[in-house]
Structures are given as structure tokens and as C-alpha cells.
Amino acid sequence: MNFLFLSLIIFICILLFSFVVLGVRYKKLKNTFRNHKNVLRNILKTVNSVRYGNLFERVNDDAMKVLPNFGQSINSMIDAISDREDMIKEYQADLNKKIEALKEVEQLKEDFVATLTHDLKVPIMAEKNLLAFLLDNKFGDLNEKQKEAVVLLKNSNQELVELVEIILETYKLNETEIVLSKEPVCVKDLIEETIIEMKPISDSDDININFDFSSEKDAGIDKFYIKRVLKNLILNAISFSEPGSNIDISLSNDENYVYINITNYGKSIKPEEIEHIFDKYYTTAKKFRKVGTGLGLYLSDKIIKAHSGKIDIESQKDTKTTFTVVLPV
Ligand SMILES: Nc1ncnc2c1ncn2[C@@H]1O[C@H](COP(=O)(O)OP(=O)(O)O)[C@@H](O)[C@H]1O
Ligand SMILES: [Mg+2]
């Protein structure tokens with residue numbers, strides 16, 4: 001009996017002791033778990049902070065004591081990212097310097113071309129006036145052969161005048177914002193006037209320009225700039241026409257817009273080329289042994305956009321190309 005009682009007491013003691021030991025262990029484990037949770041939260045905060053660009057953040061000493069290897073890896077990773085970022089900044093600074101240098105060279109080149117063109121304009125205009133005097137017989141009568149020769153000179157002089165003006169206008173628009181002086185202009189009259197001015201050039205390629213209009217509406221436009229666009233488009237139509245062919249120009253309007261169509265017959269524009277033809281310096285003129293700067297459509301597009309209009313193109317393979325200028329009235 002005594003033995004049984006003693007065994008029971010010993011069993012209860014062992015049980016109580018076990019409970020105490022387990023309780024202490026549990027508390028320790030709970031503390032360790034809480035500690036680790038805090039450390040992980042701290043590391044996550046560091047990682048997030050780095051993610052949002054703070055590369056000065058590091059895993060702190062308390063966290064390093066609990067998870068030294070993990071903390072060290074994270075800190076090394078942040079060091080590496082920081083080094084890369086410094087490298088990228090250096091590359092970027094270097095690249096910016098190179099871009100600036102390129103821009104300077106480009107500016108110098110444009111300044112040079114503009115100065116040269118500006119200086120060329122003076123003798124070309126003097127030549128134009130002289131040729132007009134000659135044709136008016138102001139220096140005495142010309143015989144037929146002489147007259148033919150002077151007409152040819154006048155035609156090529158007019159082409160030079162247009163080329164020089166396209167270059168100078170483009171240069172001017174690069175330097176300053178386009179300032180329009182709009183007024184009500186009869187578009188039909190403006191087109192007729194332009195066709196007459198382009199006649200020496202179309203005549204020299206034996207090209208006939210037809211003009212058909214169903215509108216005599218005024219549009220609020222800058223006459224000088226829109227004439228520049230019309231000349232550019234007609235000049236292109238002449239350049240890319242079959243010699244001896246026609247150019248058809250038509251004018252119409254609806255309530256809100258006037259539509260100017262310029263159609264020429266001959267080499268078309270390939271679909272993959274269309275997206276580039278308004279780019280600065282894009283030209284295929286050399287391919288066809290023509291003079292081209294690649295500035296005409298670039299300039300025209302700028303002018304028409306400044307008028308809140310647009311230029312549409314439709315080109316049918318090896319048959320015809322139509323440029324449509326759409327201008328708000
Ligand atoms: N009417 C047209 N027919 C065929 N191609 C054209 C026509 N107008 C323009 N293009 C194409 O668009 C290019 C760019 O025209 P543009 O800017 O006026 O430059 P450029 O006339 O000096 O070549 C031309 O070189 C040509 O390839
Ligand atoms: Mg052109």
C-alpha cells in the first residue's frame with residue numbers, strides 16, 4: 001500500500017516537473033518565434049525601402065544578430081545594386097555629354113547650311129530679275145534661239161529659288177516657333193496664283209497643270225505659309241511625274257473644311273515609305289537623279305499642323321499619287 005502511494009506521489013511529481021519544463025520551453029519558443037517574426041518584418045522593410053529607391057537602407061544590427069547570414073546576403077545585394085546604380089549614373093552623364101556634343105555639331109551644320117543658302121539667295125534673286133528683264137526685251141530684242149535659252153535659264157533659276165526658300169524657311173522654323181498671321185484668304189485665288197508661279201518649272205518638264213474647283217470659299221489661313229505648302233506639293237508632283245503628263249489639282253469644301261487635292265501620275269510611294277516621307281531629310285530624289293533636300297514635306301507638315309489641318313496621301317502602285325491638304329475654314 002505504502003509502495004503504491006509512494007509511486008503515485010513520484011508519478012505526480014514527474015508529471016508536474018514535465019509540465020513546468022514544457023511550459024518554460026514553450027515560453028522560450030514563443031519568444032524566439034516572436035523575435036524572428038520581428039526580424040523578418042524589419043528585413044522586409046529594408047527590402048521594400050530599397051525597392052522604392054532608398055539605396056542607403058541596410059539590415060540593422062539587431063536583425064544581424066538573429067539572422068546573420070541572411071542579413072549579410074541582403075546587405076551585399078543592396079551594395080551591388082548601389083554600385084550598379086552609380087555606374088549607370090556615370091554612363092548616363094557620359095551619354096548626355098555625347099548627345100549634347102552631337103546636338104552642337106548638328107546645330108553648327110544647320111547654321112552653316114543656312115548661312116550659305118542665305119548668301120546664295122542674293123545672286124540667285126539678282127539672276128532672276130536679270131532674266132526677267134532679258135525676256136521683257138529690256139536689253140534689246142532677243143532672237144528665237146536666245147529666247148529659248150533664257151527661258152531655260154529662268155526655269156532652272158525658279159527651281160533654285162524654291163530650293164533656297166525651303167531650306168531657309170525650315171531653318172527659321174527650327175529656331176523659332178511658327179507664328180501665323182491668319183486672314184481670310186480665297187483659297188481658289190491662292191492656288192491659281194501658285195500655279196502661275198510654278199509654271200516655269202512645270203513647263204520645263206513639259207507638264208500641264210489642270211485646276212478644277214467647286215469652292216470659292218475663304219479660309220482663315222496664313223497666305224505666305226500655305227503658298228509655301230502648295231509650292232512644295234506641286235514641286236514634288238512635278239519631280240515625281242512622268243515627263244509630258246498632267247497634274248490635276250482640285251479644290252472643294254464642306255461645312256468645316258476645304259480640301260485641296262494634288263494628283264500626279266507616275267512613280268508611286270511604297271506603303272512602307274509613306275510613314276517616313278514627312279521625316280526631316282527623308283528623300284528618294286537622288287535615286288531618280290533629282291535635286292532633293294528631304295525638307296519639303298517636313299516643312300509642309302509643320303505648317304499644316306500649325307493651322308490645325310492635316311495632309312493625307314493616297315498612292316496607287318505605278319499609277320498616281322494624291323496629296324490632300326485638309327484645312328479648317
Ligand atoms: N508626288 C509624289 N510622288 C511620289 N513620291 C513623292 C511625292 N511627293 C513626295 N514624295 C516622296 O517623298 C519624299 C520626300 O519629299 P520632300 O520632303 O518634298 O523631299 P524632296 O522633294 O526634297 O525629296 C520624296 O523624296 C519622295 O520619295
Ligand atoms: Mg520636295
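**Exercise 1. Is the crossing of H5 and H6 right-handed or left-handed?**

Some ground rules before we start. This is a predicted model, where local features need pLDDT of at least 70, side-chain atom pairs count only at pLDDT 80 or more, and totals for chains, interfaces and linings use all residues. Residues are numbered from 1 along each chain as its sequence is written, while chains are lettered from A and ligands numbered from 1 in the order in which they are written.

*Step 1.* Find the helices: H5 covers residues 187-204 and H6 covers 223-239. Helices (H or I, at least four residues) and strands (E, at least two) are DSSP runs, numbered from the N terminus.

*Step 2.* Look at the axes, which come within 10 Å and cross at roughly 40 degrees. That makes H5 oblique to H6. Axes are lines fitted to C-alpha atoms, for helices over the stretch in contact, and angles run from 0 to 180 degrees between N-to-C directions. Angles under 35 degrees count as roughly parallel, over 145 as roughly antiparallel, 65 to 115 as roughly perpendicular and the rest as oblique.

*Step 3.* Now the hand: H5 and H6 cross in the right-handed sense. A crossing is right-handed if the near helix is turned clockwise from the far one by less than a right angle, and left-handed if anticlockwise.

*Step 4.* Check who touches whom. H5 brings residues including Leu190, Thr194 and Met198, and H6 brings residues including Ile226, Leu230 and Ile234; contact means C-beta atoms, placed from the backbone, within 7 Å. By class, this contact has nine nonpolar, two polar and three charged residues. Here Ala, Val, Leu, Ile, Met, Phe, Trp, Tyr, Cys and Pro count as nonpolar, Asp, Glu, Lys and Arg as charged, and the others, Gly among them, as polar.

**Exercise 2. Work out how H4 packs on H8.**

*Step 1.* H4 (residues 144-175) and H8 pack at about 50 degrees, with their axes 10 Å apart. H4 and H8 are therefore oblique to each other.

*Step 2.* Their crossing is left-handed.

*Step 3.* On the H4 side you'll find Ile166, Glu169, Thr170 and Leu173, which meet Gly296, Tyr298, Leu299 and Lys302 of H8. That's four nonpolar, two polar and two charged residues by class.

**Exercise 3. Which strands stand at the edges of the open sheet?**

*Step 1.* Write down the strand order of this five-stranded open sheet: E2-E4-E5-E7-E6, with mixed pairing. Two strands pair if DSSP finds at least two bridges between them.

*Step 2.* Read off the ends: E2 (208-213) and E6 each have a single partner strand, so one side of each is left without a neighbour in the sheet. From one strand to the next, the twist averages 15 degrees.

*Step 3.* Follow E7. E5 (residues 257-265) runs antiparallel to E7 over nine bridges, with Tyr259 opposite Val326. E6 (residues 310-316) and E7 (residues 320-328) also pair in the antiparallel sense, over seven bridges. Asp312 has Thr324 as its bridge partner in E7.

*Step 4.* E6 and E7 form a hairpin with three residues between them, and Asp318 in the turn has a positive phi of about 55 degrees.

**Exercise 4. Which helix gives the largest share of the shell around ligand 1?**

*Step 1.* Take the 21 residues around ligand 1 (C-beta atom, placed from the backbone, within 6 Å); Asn236, Thr283, Gly292, Gly296 and Leu297 come nearest.

*Step 2.* H6 and H8 (296-306) are the elements that give two or more residues. The largest share, four residues, comes from H6.

*Step 3.* By class, the shell has nine nonpolar, 11 polar and one charged residues.

Methods. Two residues are in contact if their C-beta atoms, placed from the backbone, lie within 7 Å.
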